[in-house]
Every structure is written in C-alpha cells, then in structure tokens.
Amino acid sequence: MGILDIEVWGKDSKKHEERLGTCKVDMAALPLKQANCLELPLESCPGTLLMLITLTPCSGVSVSDLCVCPLADPSERKQIAQRFCLQNSLKDLRDVGILQVKVLKAVDLLAADFSGKSDPFCLLELGNDRLQTHTIYKNLNPEWNKVFTFPIKDIHDVLEVTVFDEDGDKPPDFLGKVAIPLLSIRDGQTNCYVLKNKDLEQAFKGVIYLEMDVIYNPVKASLRTFTPREKRLVEDSRKLSKKILSRDVDRVKRITMAIWNTVQFLKSCFQWESTLRSAVAFVVFLVTVWNFELYMIPLALLLLFVYNFINPTKGKVGSIQDSQESTDVDEEEEEDDKESEKKGLIERIYMVQDIVSTVQNILEEIASFGERIKNTFNWTVPFLSFLACLILAVATITLYFIPLRYIVLIWGINKFTKKLRNPYAIDNNELLDFLSRVPSDVQKVQYAELKQGSSQSPLRKKRSAL
C-alpha cells in the first residue's frame, strides 16, 4: 500500500509520444473490496482523469519450486476443487478457476551470444498476468523447475510462454514462443512443445517441457463467455505487412466465394437448371412456409451443429501456414523506415501507412468474423459448440411455449434499465462476445501443436531482436 503514480500519454500518427499530465492516488486511503470513483485533476496540464479503482486482495498468483507445488498436496487440491465445484457456481462469478504451470526445462535453444551460448529465462502470460522464471546463464539446455499458479478469469484465455535471452541493459533477444489455449490442456501430463517464431506460424529452434493442471467451474466459464473479453493492457501494435495484407485479402475472398456459391445455388433452384433439385426445393419451401414457427430457426441451427458433429470436416491446419512466404518482414519494414525519413515525404508516407493499415485491420476483422462463425459450427472448440447447442435448445423450447412479444419485452426492459441498475456497466453484445472466444483460422494455426521433428529446420540468423 503506497502512492500510485499515473501518467497520461498521447501518441500521434507519426509515432511521436508526449506526456500530457500526471496524478497520484494514495492507495492506503481507499477501502478494500469497494469500487471507488475518483476524479483526479492532472498536475501539469488542464483536464481530469475519471477512474474506478477497486482494491482486492490478490489470490491464486504464486511462484514456487517443484517441492512446494500447491496442487501436489492432496488436501490443498481437494480444497481448491471444492472451491470450484458446481455447488459454488453462483459465488464470485469472476473467479472461474485456477491454472498451475510447471516450467521444467528447455532443450536445444538458439545460441544468441557470440560465445555460442544463451542466458535464457521464461516469461508466462495469461491475460494481463505476467510471471517469469529466473535466468540461467551460459546454457542452451536450461532447467528452471518452477511452479507458477494463475487465477483463471476466462477459460478461453491463451497461455503464452516465451523464452528470451537476457542481454544486460539491452532488450532481451527472442528465443521462441508457444501459445496454449486453456481448454486444450491435458491435466498432469508433461508435454514437449516445439518453440515457434514471433508470429506463432512456423517452427523456431528448441523445445520446452511444461506440465499443466487446470481446475475450473463450467457454469462460471459459460456465463463468462457472454461478457466482454478483458483487453490486453500490454499488446504489440500491429505493423503494416504485405504478407498479412495479402493473406487477409485471400481470407475475405474465400468467405465471399462461399456466400456467392450459396446465392448461386439458391438462384439455380429458381431457374430450374436441375429439375430434381428445383422440385425438391419447391416442396421444401411450401412445407416450411406453411408450417413455419419461430422456434424452427434455432432448431435448424441446432440441426446444423448435429450434422457437423456427426460428419466432421477437419480442414488442414497447416493450409495457411504453408502459404506463408519466408520473407523477413521485420527487416523490410526497418529498411523502409530508414529510407522514408526524408523531409517532404514523411508526412505522405505516414498517411499512406495509416490508410493501408486501417484497410488491413478491417479485412482481418471481416475475415475473422466469418471464420469464427464457421468454426463454431465445425466444433473447433467443443466447449463453445456444446454451449451454443445448449443455448439453441433453450431458445427453441422458449420460442415454442412463450409468445415472441414477451421475449422482446423482457429483452427491451433489460437493455433500457441496464445503465440505471449499474451506471458503470459496459454495453456489450452477447453474441459478439461469444464469437470473440472462437478462434479464427489464423489462430488455429498459431495454437496448433507442432511435432518435434519440425523444429530441426536450419536457421540462418542467430540473433532475433525482441
């Protein structure tokens, strides 16, 4: 408990940063477990900062040695399991579960120093929680043997494990990274993960050994799925890339072609290009319209889930990865930045970069949205697809027995009174929040586990800056 220093910064399109003002908060004067609304005047400039600060004792985060493993103690494990059992599903909805990660060792890491060795340490990130191991000097096969415990706020979060080389006062060198969705963790098994590059799309050099355990409450996890995702406080800014832009254009093109083929199929039914197909479509249309009830919409979607569950269509995870170019994009962008620093041209260059970057982000959002809908029905994440089936089944039964006007009335009353009941509530769309948990095709590649044999590809560069 001390003084919290807050700085407000501004950044323009030219990547210039400027500190706008500062303010301080005495944490000792704030009550615990209570939302404190503070209006803080900035010291060095006009304006105020409106903040909501809640002090909550931190529980669940720990770093220990293997000999002091929390879940290894049967009594402590039983106590934690009881905390997240179904009987406690409505207690503290934000406390979804607990993750324990044993960082055992890494093997055959990249030599980042001129001496042919590295000084590796491991950084673990889950949402906005960041913990790291100690550094083992002059070693390409480090053994950390540390146990990290994280509280789970969202079961759809992804654990990111990154290995760095400590480089004194300079930024650490990148040695490899893996991303592991919590729902894919196999409890209690020691797994060997091939390290990937920064984009998580290709194998890097070396492997890391992890052992993980997840305990969570499925009811809390399901309810959390329909609330906004927690935004990353530390997130890398997206760079303009010809490769990514071309990939996003191809992704949007595939979705557009799928919609176009569907429209053409429906159009062919009206044109009687195939007599049998058009006759069947006409009979289905008459029967459906004559007997249509509103509950049939979620029922039809539910049948689509059942069909895809019985006949899974597993696409090749590496299809996107195989189409990636091996061009070193970071080096190209650095060279472009050096060449563009000329008077008279720099303003235009930044303007063009902003426009193209905006287009790139819009294309990625469109492509990801379409791919997430497809992957929901394809049972890419069984937990989410099963949850969607459950919601559709409830919607079907509700629409069958309850008139639509009552449902719309309840929905409208909830929306209109939300701000009155909770002035600081974040307005959200439950459907979009649900889809934000479904991985896109690119994320499927990033989260896919690589086989150990694929990590033995030669690397030309021995150093990779963070």
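Modeller: Before we look at the interior, a nonpolar core here is a set of buried Ala, Val, Leu, Ile, Met, Phe, Trp, Tyr and Cys residues joined through side-chain atoms within 4.5 Å, where buried means under 20% relative accessible area, exposed over 50% and partly exposed in between, with a 1.4 Å probe and protein chains only. This is a predicted model, in which local features need pLDDT of at least 70 and side-chain atom pairs count only at pLDDT 80 or more, while totals for chains, interfaces and linings use all residues. Residues are numbered from 1 along each chain as its sequence is written, and side-chain values use heavy atoms, with hydrogens and water left out.

Biologist: OK, how many residues has the largest nonpolar core, and which have the most contacts inside it?

Modeller: The largest nonpolar core has 52 residues, and those with the most contacts inside it are Leu99, Leu124, Leu159, Ile208, Leu210 and Met212. Helix α9 (residues 382-401) contributes the largest share of this core, six residues, helices (H or I, at least four residues) and strands (E, at least two) being DSSP runs numbered from the N terminus. Apart from it lies another core of 10 residues, including Val25 and Leu55.

Biologist: What does Ile208 touch, then?

Modeller: Leaving aside neighbours within four places in sequence, Ile208 is in contact (heavy atoms within 4.5 Å) with residues including Trp144, Val161, Val178 and Tyr193.

Biologist: Back to α9: is Ala388 buried or exposed?

Modeller: Ala388, which sits in helix α9, is buried, with a relative accessible area of 11%. Not counting residues up to four places away in sequence, Ala388 touches Phe305, Thr376 and Phe434, and its C-alpha atom is separated by 8.3 Å from that of Leu302, 86 residues apart along the chain.

Biologist: And Thr225, what does that touch?

Modeller: Thr225 lies in helix α2 (residues 218-225) and is buried, with a relative accessible area of 0%. Beyond residues up to four places away in sequence, its contacts include His156, Phe383, Asp433 and Arg437, and the Thr225 side chain reaches the backbone oxygen of Ala221 at 2.8 Å.

Biologist: New topic: at what angle do α3 and α4 cross?

Modeller: The axes of α3 (residues 242-271) and α4 (residues 275-291), which are lines fitted to C-alpha atoms over the stretch in contact, with angles from 0 to 180 degrees between N-to-C directions, come within 8 Å and cross at roughly 95°. The two helices are therefore roughly perpendicular to each other, a label for 65 to 115 degrees, with under 35 roughly parallel, over 145 roughly antiparallel and the rest oblique. Phe265, Ser268 and Cys269 of α3 make the contact with Arg277, Ser278 and Ala281 of α4.

Methods: Polar contact = N/O pair within 3.5 Å; in protein donor to acceptor, adjacent residues only side chain to side chain.
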